Amino acid sequence: MFFKTITAAAIAALHLASPALSTQTFVNTGITSGWSSQNIEHNGSINQVTNVVYNGTSALKFTQVYDPSYTGRYHSEKAELQVYKLGDTGFYGFAFRLQSDWQASPAQSYNIAQFIADFTDTGCDDWMPSTMVWVIGDQLATRVKYGSICAQQIQEWKGLKTVTPGVWHTIVIQANWQSDDSGYFKMWYDGAKVVEEYNLPTMIDDSRPFDFHIGIYANGWHDQQEMLGTQETRQIWIDSVGMGTTFADADPTKIEG
Ligand SMILES: *[C@@H]1O[C@H](CO)[C@@H](O)[C@H](O)[C@H]1NC(C)=O
Ligand SMILES: *[C@@H]1O[C@H](CO)[C@@H](O)[C@H](O)[C@H]1NC(C)=O
């Protein structure tokens, strides 16, 4: 009896400590419902489509349209609120596809996914993105942000891989969100690890939760106050979005679309 109790307690303790326990905290199979909110600015749009899919029967098509007489930002994004905060560890994944005639030159930045929170109360910033995933030219890029909201610092990884238009690609991020040197940040592209960094800050020193936004954010059009090249309409498809405590929870190849 005594030994039985010990064994049961030991097994329970092992279970609690096991990092293999899987909890999928979010999944979206390419549908407009099931998100916390969305942000569509100016002539942007978000459509659920069935003709271009990564897996299953539907995907989300995000569009933005350049307008030289408009000075605002260009978001077309779906959002899931409060997906991580300082101290958390998680996996975040999705499949994406650029329109087949995507114009990569001259190079300008188009953001695909970002983690973001509202810092208006600090007086130092408003909506502040931390990690972002974007294409610039035909190259994939990502970053972490650290320091404090009033003294932000950025580490970027650019030129990670070539992004082929008209082809589905997959992203999985694993992050341990820390404001000191105990964090880590990894990113896989089409199943291959392209970033693997340990012992670095991955977050600013603030405990508020960050939201996850995905779609198209043509940040270059706003930040550079012009569109480079001639492609005024930009489209990015997204499918098989997942988040959770294990790689499999966020792996687009394991998520029905
Ligand atoms: C873009 O949006 C503005 C403001 O809503 C509107 O006046 C304009 O007609 C739109 N342009 C196109 C091409 O849809
Ligand atoms: C599509 O979804 C199914 C069911 O979840 C999965 O078994 C399969 O691996 C997925 N295929 C791709 C290409 O992601």
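View 1. An oxygen atom of ligand 2 lies 2.3 Å from an N or O atom in the side chain of N55, a polar contact in the sense of a pair of N or O atoms within 3.5 Å. A ligand oxygen also stands 3.5 Å from a side-chain N or O atom of Y54, while a backbone N or O atom of T253 is 2.8 Å from an oxygen of ligand 2. The protein buries 51% of the 370 Å² that ligand 2 exposes when taken alone, with accessible areas from the Shrake-Rupley method and a 1.4 Å probe. Residues are numbered from 1 along each chain as its sequence is written, and ligands from 1 in the order in which they are written. In this predicted model, local features need pLDDT of at least 70 and side-chain atom pairs count only at pLDDT 80 or more, with side-chain values using heavy atoms.

**View 2**

View 3. Seven strands (DSSP E runs of at least two residues) form an open sheet in the order β2-β5-β14-β7-β8-β9-β10, with antiparallel pairing, where pairing requires at least two DSSP bridges. Because β2 (37-40) and β10 (151-157) each have a single partner strand, one side of each is left without a neighbour in the sheet. Strand β9 (residues 139-148) pairs with β10 in the antiparallel sense over seven bridges, and the bridge partner of G147 in β10 is Q152.

Note on methods: Polar contact = N/O pair within 3.5 Å; in protein donor to acceptor, adjacent residues only side chain to side chain. Helix = DSSP H or I, 4+ residues; strand = E, 2+ residues; numbered from the N terminus.
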